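Q: Could you walk me through how to read a few features of a protein model, giving me the general idea before the case at hand?

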Amino acid sequence: MENILEFSFPVEGRSFNKAGDAAARVKQLLKQASIPSPFIRRAVVVAYEAELNMIIHSQGGTLRLAISPEQLTIQAVDQGPGIENLQRAMQEGYSTAPREARELGFGGGMGLSNIQRNADHLDIQSQQNEGTVLTAAIYLEKAASVS
Amino acid sequence: MQYIHSVHLDEDQCQACTICTKRCPTEAIRVYQGKARILEERCIDCGECMRTCPQEAKTSQTDPLEAVFAYPYAVALIAPSLYSQIPPAQFNIEGLVDGFSAVGFRAVADVSHGAEHVGEAYKQWISASETRPLISSACPAVVRLIQVKFDELTEHVMPIESPMEVTAELARRQLQDQGVKPEDIGIFFVSPCPAKVTAVKQPLGRSYSHVDGVLSFSDVYQELYPRLNEAGNPKGQRLFPMGRPGVRWGITAAQTYESEGIRMSLEGLDQVTAVLEDLSLGKLPDVDFIEANACPGGCIGGCLTVQSRFQAQVNLYRNLKHLPAKPQLDMDHFQRLYDQQFYMMHHALQPRPSQPLDPDISRAMQLMKRQEQILQTLPGLDCGACGSPNCQSLAEDIVRGWTTENDCIFILRESVQNLAKELWDLAQQVPPTIGRQKPSTEE
C-alpha cells in the first residue's frame, strides 16, 4: 500500500496580506510528522516561494503538500497567465511581477531560482493564459537522489 | 534532565475557566479533571497565564525574602525596570541603596550596568557574525519561545549572556577583589518576571548561574518602599555606576543603543510570534538585529511588577533625568573582557521542539491522517470547552491519546441525541408478550 499523506491549501491571487499562511501550516505539519529539520527548512522555502508566485502572478490556485516516508512533494496549481519564457523566469533577478507586487516588496525575481536551489527535483508545466503546475520534490533519503 | 519551571498552578484557586489555555503562546495549557495543567515541555515561563487568570491561580515560584539573611554579604541585583516602580517624588539614587541596606542587603548591583556591557558586546558580535538577523538573547521568555516553537531559528539568537548573568559575575569578581569571602556572597536578583526566575534555576547557554536566588519585585517592593532613603546599618554600597543607556533597557527599543544597521524592536508575544513566523519563512533577511521583549512595554510590563506599565514608563523617564546621559562603561575594561570571551554563552543553545506525533515518519503519518479525520468532525468554533485551546489542538490531543472525542461538547451532544433516538426507537419495539396483550386492551 502506498503510504502518502496529502494536504491542500487554497491560495487567493493578490492576497498579499496572507502570504505565508499556507507555508506556515506546511511547516507545522512537517514538524508533527517528525521530518528532520533541514528538510523542513527547504520544504518551507519551496512552499513559501510557490505560494508567493501564485499570489503575485495568478488568479489563485491550490498549494498541495504530499508527505511520504521517502519524499516531500510540494505542488502549486494555479489558474493564470502561465510563464511566458521559463528559461528566463528561472534566472535570478528576472521578474515579470506587476508594479503592485513590487511596491509591496515582493517580486524580486528570486522565487523560482530559490525553489530550484532547495528542491531535489523540479518540474514546471505551464500553458499560456491557462495556468501553471509547479511540482517540487525533496528526497528524504540520500539514496533517492537517483530520481 | 527534568525541566524546572517558575510558573505554577494553585489548584485550589483554579476554576477551570479555560481562559489561560487560549492566551498561552505555545498552547501549553490544558484543562482536565476540573483543573488547568501546564505541559512542562512547552511552557516558556512568559507569565501570560498569570496575567490573564481571573482567579490569580497562577503563581511564580520565587525565593522568600528571608533567604537573603542566610548570606553575610547579600547583594541585590536590580533590574533596570525597578527604576520604573519608584514614584519620581521618592526617587533618589543614594536613597535606593539606603533602602536596600535597611532591608538587609550589603550592596546593590545594577543590571543596567551589565546591560551596557551586553549592548556593546552585541554591537561587536553583529559586526563579527554573518548570521542575519540576530535576535537579542536578553529576554529569556523569547529565547525559550524560539527553542520550543521556532526551533529552526535557534542559531539566530545572540550567543551572548544576559545582562543579569553578566552583572552577577562582575559583582562577584568585584567583591572578591575587595576581600569578601566567596562563600559569604549571596547574589539575589530582584525580578520583574517569572522567565528570569527560570533563567536562574535553569540557565540558558550555561550550566550554572552566578545568581544565588530570585526575589519577586512585588515581594521586595513591600519591604523596600517604606525604607527608601533610610540608611541601614552597615550602610550599603553601590557596586557599579549607572547611566541612562543601561537603565533604558527596562523599556523596549533601548538595546544596541546608537548602533549602525537595520534594527527592529518588538514587544509583546503577539508581535514577537508574528515576526518569528516571518523569519522562519526566510522573510526580513536584511534586518541586522531584532530586540524582542515578551512583555508589552518591555521589562517594565513584567507580571511581577507593581505599577501599571504606563505609569511605569512615565516614572522611568522622569527618574532617568537624575542619571548621566552617557554610558558609564569603561571601554578598555570592556574590550579586555570581550577578547577573553567573557560575554559569550558557555555552550550553544539547544532547540527544544515539541514532540512529533511519533518519532517514526510512517507512524506519525498514520496519526496525522486520523488527526485530519477527527478535525473534520469537530465544529471548528475553537470554543475551548473541551479544555484544549482550539479544535486543532483537541484533534492532536486525541491522537496523542490524552483525551477522547467526547470531550467536545458538540460531539457529546450529538452522541446523546443519537442515543436518545436509538432509545426511542427501541422503546417502540414492543416485546411479543406485551404486543399480544395490546390488541385485547384496545378492543
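A: Let us begin with directions: angles under 35 degrees count as roughly parallel, over 145 as roughly antiparallel, 65 to 115 as roughly perpendicular and the rest as oblique. This is a predicted model, in which local features need pLDDT of at least 70 and side-chain atom pairs count only at pLDDT 80 or more, while totals for chains, interfaces and linings use all residues. Residues are numbered from 1 along each chain as its sequence is written, chains are lettered from A and ligands numbered from 1 in the order in which they are written, and side-chain values use heavy atoms, leaving out hydrogens and water.

Q: How do α2(A) and α5(A) lie relative to each other?

A: Two packed helices are described by the angle between their axes and the distance between the axes. Axes are lines fitted to C-alpha atoms, for helices over the stretch in contact, and the angles run from 0 to 180 degrees between N-to-C directions; helices (H or I, at least four residues) and strands (E, at least two) are DSSP runs, numbered from the N terminus. In chain A, helix α2 (residues 37–57) and helix α5 (residues 111–118) pack at an angle of about 155°, with axes 9 Å apart, and α2(A) and α5(A) are therefore roughly antiparallel.

Q: Which term describes α13(B) relative to α14(B)?

A: In chain B, the axes of helix α13 (residues 361–377) and helix α14 (residues 391–399) come within 9 Å and cross at roughly 135°. That makes α13(B) oblique to α14(B).

Q: Is A:Glu103 buried or exposed?

A: Buried means under 20% relative accessible area, exposed over 50%, and partly exposed in between (1.4 Å probe, protein chains only). A:Glu103, in helix α4 (residues 99–103) of chain A, is exposed, with a relative accessible area of 57%, whereas A:Arg14, at 38%, counts as partly exposed. For chain B, buried residues make up 53% of the 443 residues.
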